[in-house]
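Me: I want to go through the labels on this model one at a time. Please set each value against its cut-off.

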Amino acid sequence: MTALYSIDFTLPGLPKSQTNNWTKWARIKDKKRWVQEVWAATHGKLPKEPLKSARVHFTRCSATEPDFTNLVASFKHIEDALIEVGLIFDDAPECIGRPGYAWQKVPPKEGRVRVQVDELGA
């Protein structure tokens, strides 16, 4: 029997709130940054094929707690990066259900994001 895939990694820095009035080019630049960060954290550790059924959990580690709407929205580019690097097949509910979102207090200037992805059995 094959063990189910699981990965837990930390990304440096914090995603910006998606509620700001960004220009198109700023959004594109931010998205590319998170694809690069996810690729660096997962390179050589990816599953053979993108996961089609997984549980995903994001934790924002920052000095101040955002409201829940901004917390969830801040992970959008990271969630999209999980698809782009080949970790998950899609971010649709039938693939990842409802991701978990959490916040953890850390000292100022030590911001980071923790991502946990666990394959779910058939």
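Me: Where is Lys109 found?
Reply: This is a predicted model. In it, Lys109 is found in the loop between strand S3 (100-105) and strand S4 (112-119).

Me: Why is Lys109 called exposed?
Reply: Its relative accessibility is 86%. Exposed means over 50%, so Lys109 counts as exposed.

Me: What is the phi of Lys109?
Reply: Phi of Lys109 is near 70°. That is a positive value in a residue other than glycine.

Me: How many aromatic pairs does the structure hold?
Reply: Four. One of them joins Phe58 and Tyr101.

Me: What makes Phe58 and Tyr101 a stacked pair?
Reply: Two values. Centre to centre they are 5.9 Å apart, and pairing needs centres within 6.5 Å. Their planes are at 15°, and stacked means under 30 degrees.

Me: Why is the pair of Phe75 and Tyr101 called stacked?
Reply: The ring centres are 5.9 Å apart, with the planes at 20°. The angle limit for stacked is under 30 degrees, so this pair is stacked.

Me: Why is this pair said to tie parts together?
Reply: Phe75 lies in the loop between helix H2 (68-73) and helix H3 (76-84), and Tyr101 in strand S3. The pair therefore ties together parts that are 26 residues apart in sequence. Phe75 counts as buried, at 1% relative accessibility.

Me: Which residues do ring pairs link into a cluster?
Reply: Phe58, Phe68, Phe75 and Tyr101.

Me: How do you know that a charge sits over the ring of Trp34?
Reply: The charged end of Arg33 is 4.1 Å from the ring centre. The distance limit is within 6 Å, alongside an angle test. Arg33 is listed as sitting over the ring of Trp34. Likewise, the charged end of Lys24 sits over the ring of Trp25, 5.1 Å from its centre.

Me: Why is Cys61 called buried?
Reply: Its relative accessible area is 3%. The limit is under 20%, so Cys61 is buried. Cys95 is also buried, at 5%.

How values were computed
Residues are numbered from 1 along each chain as its sequence is written. This is a predicted model: local features need pLDDT of at least 70, side-chain atom pairs count only at pLDDT 80 or more; totals for chains, interfaces and linings use all residues. Side-chain values use heavy atoms; hydrogens and water are left out. Buried means under 20% relative accessible area, exposed over 50%, partly exposed in between (1.4 Å probe, protein chains only). Helices (H or I, at least four residues) and strands (E, at least two) are DSSP runs, numbered from the N terminus. Rings of Phe, Tyr and Trp (its six-membered ring) pair if their centres lie within 6.5 Å; planes under 30 degrees apart count as stacked, over 60 as edge-to-face and the rest as tilted. A charge sits over a ring if NZ of Lys or CZ of Arg is within 6 Å of the ring centre and within 35 degrees of the ring normal.
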